[in-house]
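Thanks for coming. I will go through one model today, starting with the contact between chains and ending on a single residue.

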Amino acid sequence: MPRSLGYFLDVMATLVGRELRIRYKGSLLGLLWAILSPLGTVFILHFLFTRVLPLNIPHYAAFIYSGLLPWTWFQAAVQTSAATLIDNRDLVRKPFFPRPLLPAVVTGTNFILYLLALPVLLAILVVEGLTLSPALALLPLVWLVQAIFTLACAVLFAALGVLIRDVQHLLGVGMLLWFYLTPIFYDLDRVAPAQARWLMLNPMTVFVRAHRALVLYGQMPDWGALGITLLMGLALLGASLVIFRALEDMFVEVV
Amino acid sequence: MSIIVEQLSKRYWLQGPSPRTFQQALAQAIGALRHSTPFWALRDVSFRVEAGESVGIVGPNGAGKSTLLRLICGLGRPTGGCARIEGRVTALLELGVGFHPHLTGRENLYVSAIVSGLRRAEIDARLNDIVRFAEIEEFIDQPLRTFSSGMQMRLAFSVAVHVDPDVLIVDEVLAVGDAHFQQKCVERIAGFQHSSKTLLIVSHDMAMIRRFCSRAIWLQHGEVVADGPADQVTAAYEAGEA
């Protein structure tokens with residue numbers, strides 16, 4: 001059955017709304033948790049790396065938060081996607097339901113949570129006495145590139161996660177490693193060049209540094225690195241969709 | 001032409017008992033497929049349904065009826081042959097798809113109708129009809145977990161019949177709610193039929209097949225035993241079964 005773009009957007013909007021409602025239904029603080037959870041992590045990392053192991057990075061709270069937000073969006077989207085086809089078994093088995101939308105819904109939901117937590121970053125900047133730069137207006141370009149890369153990983157791991165259940169457990173460990181390979185609580189400029197070169201290959205490094213350039217330093221991000229990441233993301237998205245489609249017939253029978 | 005099924009076959013592999021010891025596991029791994037036996041749920045099934053035709057599918061449990069509907073709806077890959085369907089389809093294979101107990105009836109209604117293929121604006125326009133048909137006007141904003149199972153089924157069915165498809169595929173879900181609601185469902189499907197849309201029904205209720213369908217297909221052990229006028233096929237099936 002041919003479907004219009006408008007229909008896909010309707011499905012996205014409805015299912016993202018459903019995810020957010022289910023997630024916070026019955027909790028006292030509701031959507032406030034979208035702000036409180038990253039703040040809690042920032043508090044812990046801040047204590048750890050200013051008191052216990054001082055890294056002496058200026059404006060450290062804003063520094064971590066600006067790295068943690070893009071990371072959390074990515075990490076939560078990919079990890080939730082690995083289970084989303086199993087969690088939404090009845091939608092997967094619904095005839096003619098566009099199944100690749102399920103990881104897209106997870107990616108979209110986590111982007112909304114990112115947006116909800118973003119104003120806190122601006123508040124931290126003001127509290128730390130930093131000025132808000134007009135470069136902030138370019139942030140949506142970074143979102144676009146990161147959304148494509150995140151969606152590509154989400155689609156891939158959704159398809160793999162349903163056929164090989166071990167993927168979910170593997171991702172738990174893998175994401176922890178990926179977190180340390182991304183300069184979230186440390187500064188890439190202080191890493192020895194021999195190692196930093198490798199860390200630059202990590203797309204998440206590109207996104208975290210682009211966030212810091214625009215939000216923290218009021219500078220232009222590394223457009224070259226963003227452009228390469230965009231091309232890489234598009235290629236990966238194409239490959240992920242091909243893999244998803246190839247495995248689709250199999251997983252509607254096993255979910 | 002609305003539904004085309006050509007030499008459709010589906011084979012499942014039945015797994016043997018799980019290995020108890022490492023030794024058995026090793027033996028099984030070496031013999032790999034030898035320990036799973038093939039089961040043909042469908043074998044070489046062919047038929048065509050014209051647009052506007054109403055066709056019933058009958059047969060005992062395990063005859064392959066549900067497998068056939070699932071393959072027609074594109075769920076799973078045929079082992080051989082193919083199945084195609086044209087037009088906007090609503091398939092009532094499982095009711096209450098996308099329902100979540102902690103969301104309200106209204107929230108669930110929107111999700112269910114969207115994934116059935118309606119646009120948001122279409123749902124807005126049909127909302128009152130859907131709620132009235134399900135007879136849950138005063139409860140629509142309560143969480144679904146407070147609904148009785150009858151209310152949930154009525155809501156699910158009401159959404160499904162308001163999608164207004166070109167092809168309606170129904171798998172034994174008409175046994176919904178009390179006699180009064182069943183009567184409404186039957187009328188709704190009859191009205192659907194009068195507007196010359198395509199109907200494909202699986203049922204064990206021969207009276208229902210005779211009422212709705214001009215033609216019936218009798219499946220047994222995954223193969224077509226008879227395909228012809230509903231009266232004759234259902235009579236033969238009842239005689240053969242008795």
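In this predicted model, 23 residues of chain B are in contact with 22 residues of chain A; contact means that the C-beta atoms of two residues, placed from the backbone, lie within 7 Å. On the side of chain B that touches chain A, β5 (89–92) and α3 (105–115) of chain B each supply at least two residues. The most comes from α3(B), with 5 residues. Sorted by class, that side of chain B has 11 nonpolar, 6 polar and 6 charged residues. Nonpolar here is Ala, Val, Leu, Ile, Met, Phe, Trp, Tyr, Cys and Pro, charged is Asp, Glu, Lys and Arg, and the others, Gly among them, are polar.

A word on conventions. Residues are numbered from 1 along each chain as its sequence is written, and chains are lettered from A and ligands numbered from 1 in the order in which they are written. Local features need pLDDT of at least 70, side-chain atom pairs count only at pLDDT 80 or more, and totals for chains, interfaces and linings use all residues.

Now chain B as a whole. Chain B has 8 helices and 9 strands, taken as DSSP runs numbered from the N terminus (helices H or I, at least four residues; strands E, at least two). Of its 242 residues, 40% are buried, that is, with 20 or more other C-beta atoms within 10 Å of their own. Among contacts in chain B with a separation of 6 or more, 72% join residues 24 or more positions apart.

Last, A:Q195, which sits in helix α8 (residues 193–199) of chain A. Is A:Q195 buried or exposed? A:Q195 counts as exposed because it has 11 C-beta neighbours inside 10 Å, and the cut-off for exposed is 12 or fewer.
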